[in-house]
Amino acid sequence: MEHYEDHHRENFAESALEVAAGIESPPVVNPNYRRVKRQRRSVEEYVAGIRAGNVAVLSQAITLTESLLPEHHALAQQIIERCLPYAGRSVRIGITGVPGAGKSTFIEAMGGKVTGLGHRLAVLAIDPSSERTKGSVLGDKTRMETLVHNPSAFIRPSPSAGSLGGVARKTRESVILCEAAGFDVVFIETVGVGQSETAVHSMVDLFLLIQISGAGDELQGIKRGIMEMADMVAINKADGDNRQRAELTRRQFLNALSLFPMPESGWKPRVYATSSIEGSGLAELWGGIEDYLKFTRANGYFDRNRSRQAKYWMYETIDAELRDGFYKSPQIEALLPEFEKRILENKISSFAAAHELLDRYFNR
């Protein structure tokens, strides 16, 4: 094990992955294993590969955006900047829902429908990470067995890693790369258990809420904020003995949505009953999505929303860079334990400590 840890530390500089401290790494199967260094590509080679629709190159470029290494981050930003002129031509759809609503099964069924219409689909699935180990199952590729082999589809699961802002920024960058690779429909699946919906809503054209019936009080389990964000609702698993219950739930959601103020888009949200297993309701739902896009493009909301999102992400990136710079500062890293101790001993308030640390960081 000691030999493996030494080897791991020796090669960490070549890795885009982070291993949480204090978690024992598993032994390698082959003790003589040595990491093979991947041949480095130039920015031009990455851009050419992405533009050609090479999913292997696209995957590697997305890995660069997710990397914690500064040199990878710098390379990723150059690639993204070069891809920007070819981005923005897709339909971006955010998909959320409570755990167990069947999001992955729904995306696989809907993905087959979308690619069958001649579209190229990219699925960016944010996978929930363990708060203790920061590990993630990344199981979407195993759940979407048919879609993963579809030549017109690209599935990329990403760990949430407990960092909402980081995932949101990386997902937005991944959308740009997928669009440059020619994918004209992008699904962004959220974890559906927290604030990630708000971040995803700020990068999509349409927000779809997946819900099921027969799980207790259907409306109580959904936050009002998420309901207000939804442009479309799909009551999933509307098959077998559940059909009538799903229809009842659909009417309940329609009544609840009618009580909300009219959204800025001017679009009245629609509710559909769908079955991922039988495929029922999917064609109607996609027709509703096309109606929404036609409606918002005609009244100018589509372009206004995209412009507002671009501005929003400029400020979000500034905030993220300032925060990262602050916590990665050697000066601040050295001072934090001391200030934490003073706070616990009631020698200084939390607010005074924060202001003093910021003053030292900015040399004020």
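Which side chains meet in a salt bridge at 3.2 Å, N to O?

1. Basis of the model. This is a predicted model, in which local features need pLDDT of at least 70 and side-chain atom pairs count only at pLDDT 80 or more, while totals for chains, interfaces and linings use all residues. Residues are numbered from 1 along each chain as its sequence is written, and side-chain values use heavy atoms, with hydrogens and water left out.

2. Overall make-up. The chain has 14 helices and seven strands, taken as DSSP runs (H or I of at least four residues for helices, E of at least two for strands) and numbered from the N terminus. Of its 364 residues, 44% are buried, where buried means under 20% relative accessible area, exposed over 50%, and partly exposed in between, with a 1.4 Å probe and protein chains only. Among contacts (heavy atoms within 4.5 Å) with a separation of 6 or more, 74% are between residues 24 or more positions apart. The chain exposes about 19700 Å², of which carbon and sulfur atoms supply 54%; accessible areas come from the Shrake-Rupley method with a 1.4 Å probe, and for residues only the protein chains shown count as cover.

3. Salt bridges between separate elements. The structure holds 13 salt bridges, each defined as a side-chain nitrogen of Lys or Arg within 4 Å of a carboxyl oxygen of Asp or Glu. The pair asked about at the outset is Glu264 and Arg308, which links distant parts of the chain, 44 residues apart: Glu264 is in the loop between helix 10 (243-258) and strand 7 (270-273), and Arg308 is in helix 12. Glu264 is exposed at 51% relative accessible area, whereas Arg308 is partly exposed at 35%. Arg270 and Asp291 also meet in a salt bridge, at 3.0 Å, N to O; because Arg270 lies in strand 7 and Asp291 in helix 11 (residues 282-298), this pair ties together parts that are 21 residues apart in sequence. Arg270 is partly exposed at 30%, and Asp291 is partly exposed at 34%.

4. Further charged pairs. Arg364 and Asp359 meet in a salt bridge at 2.9 Å, N to O, with Arg364 exposed at 63% relative accessible area and Asp359 partly exposed at 29%. Glu247, Arg250 and Arg251 are linked in a network of salt bridges.

5. Helix 3 and Thr65. Helix 3 covers residues 55-66, and its end C-alpha atoms are 16 Å apart, in agreement with the 16 Å that its 12 residues should span at 1.5 Å a residue, the expected span being 1.5 Å times one less than the number of residues. At the start of helix 3, a side-chain oxygen of Asn54 reaches to within 3.0 Å of the backbone nitrogen of Ala56. Buried residues of helix 3 include Val57, Leu58 and Thr65, and Thr65 has 2% relative accessibility. The side chain of Thr65 reaches the backbone oxygen of Ile62 at 2.6 Å. Leaving aside neighbours within four places in sequence, Thr65 is in contact with Ala76, Ile80, Lys170, Glu173, Ser174 and Leu177.

6. Nonpolar surface patch. Met314, Tyr315, Ile318, Leu322, Leu358 and Phe362 form a nonpolar patch on the surface, with about 550 Å² of accessible area together. Such patches are made of residues with over 30% relative accessible area and no salt bridge, nonpolar side chains (Val, Leu, Ile, Met, Phe, Trp, Tyr) being joined within 5 Å and like charges within 9 Å. Helix 12 (residues 301-327) gives the largest share, four residues; Met314 is in helix 12 and counts as partly exposed at 43% relative accessibility.

Note on methods
Polar contact = N/O pair within 3.5 Å; in protein donor to acceptor, adjacent residues only side chain to side chain.
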